[in-house]
Amino acid sequence: MAEFLNIVVQLHVTKVKVDNLSRARGLIKEAAAQGAKVVVLPECFNSPYGTGFFPEYAEKIPGESSQVLSEAAKESQVYLVGGSIPEEDDGGKLYNTCPVFGPDGSLVLKHRKIHLFDIDVPGKIRFQESETLSPGSNLSMFDTPYCRVGVGICYDMRFAELAQLYSKKGCQLLVYPGAFNMTTGPAHWELLQRGRAVDNQVYVATASPARDETASYVAWGHSTVVSPWGEVISKAGSEETVVYADIDLQYLANVRQQIPITAQRRSDLYTVNAVQEG
């Protein structure tokens, strides 16, 4: 298939987990009714985003949230990139984890956020995920009948090497559930997506929570899909919504043929290689 429909869900996240799960399931069903093949949920879709919330909302995988996602993927017959949830492992460590499910409801992979969001912008925002979370240590890719997909979470998008590795390993679509804020969002959210897309000649899709001005952490919103040419082809505002975009793999192939940067790279001078394989 040269073209398929990718959908990102910009969900309004509340403090009530069961409501978040129910609303996400309904929007996944709505997306499937429109012909979606791949659906992407936001970062921390089942929980408010904050270091104080992570321990309270953390679950094992499998667990309550992953069970809902598994059932939703199966009933809607989609590849479901389950945003992220606070995950607790058997040793008590917490991770920011994206579970991915196939159309049969099986767990295809889980991506633990590799790069933790530890920033300090004086007078604007300070956030330290490492106060409660541990970093993941694996690349995460999955195959569909349409293309190979690489997975990152939010801050992972800032690291160009990760996207380059995914592209090098055959990914044509990169998905980043993310929750940029009111400082980094307007400055860098779209810029980073377009950069990752044009640098690697891939589609990039991001799913943010909807903006809630009353939350302790206010998400920027503006879930987006960017083409391999670096063009924004679909974009949300700040409210809860569903964003639709056709992923045209023939167009991707044309872009790569017209500007053949992969063949032109000087691997005799520089290279990016994975130390830890996914």
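**Figure 1. Arg-25, Glu-71 and Glu-75 form a network of salt bridges.** A salt bridge here is a side-chain nitrogen of Lys or Arg within 4 Å of a carboxyl oxygen of Asp or Glu. The model is predicted: local features need pLDDT of at least 70, side-chain atom pairs count only at pLDDT 80 or more, and totals for chains, interfaces and linings use all residues. Residues are numbered from 1 along each chain as its sequence is written, and side-chain values use heavy atoms, with hydrogens and water left out. Helices (H or I, at least four residues) and strands (E, at least two) are DSSP runs, numbered from the N terminus. Glu-75 is partly exposed, at 46% relative accessible area. Arg-25 is also partly exposed, at 26%. Buried means under 20% relative accessible area, exposed over 50%, and partly exposed in between (1.4 Å probe, protein chains only).

**Figure 2. Two further salt bridges join Glu-131 to Arg-126 and Arg-194 to Glu-190.** Side chains of opposite charge can pair when their charged atoms come close. For Glu-131 and Arg-126, the closest N and O atoms are 3.6 Å apart. Both Glu-131 and Arg-126 are exposed. For Arg-194 and Glu-190, the closest N and O atoms are 3.9 Å apart. Arg-194 and Glu-190 are separated by about one helical turn, because they lie 4 residues apart in helix α5 (residues 184-200). Arg-194 is partly exposed at 38% relative accessibility. Glu-190 is partly exposed at 25%. The structure holds 15 salt bridges.

**Figure 3. Asn-6 is buried in strand β1.** The strand covers residues 3-10. Asn-6 has 0% relative accessibility, so it counts as buried. Contact means heavy atoms within 4.5 Å. Leaving out residues up to four places away in sequence, Asn-6 touches several others, including Val-38, Leu-173, Ala-205 and Tyr-244.

**Figure 4. The rings of Phe-53 and Tyr-57 pair edge-to-face.** The structure holds 11 aromatic pairs. Rings of Phe, Tyr and Trp (its six-membered ring) pair if their centres lie within 6.5 Å; planes under 30 degrees apart count as stacked, over 60 as edge-to-face and the rest as tilted. The ring centres of Phe-53 and Tyr-57 are 6.2 Å apart, and their planes lie at 70°. Phe-53 is buried at 17% relative accessibility. Tyr-57 is buried at 7%.

**Figure 5. Phe-117 and Tyr-155 also pair edge-to-face.** Their ring centres are 5.4 Å apart and their planes lie at 65°. The pair links distant parts of the chain, 38 residues apart. Phe-117 is in the loop between β6 (107-112) and β7 (118-121). Tyr-155 is in the loop between β10 (148-151) and α4 (160-168). Both Phe-117 and Tyr-155 are buried. Ring pairs link Phe-117 and Tyr-155 into a cluster with Tyr-49, Phe-54, Phe-127, Phe-159 and Tyr-217.
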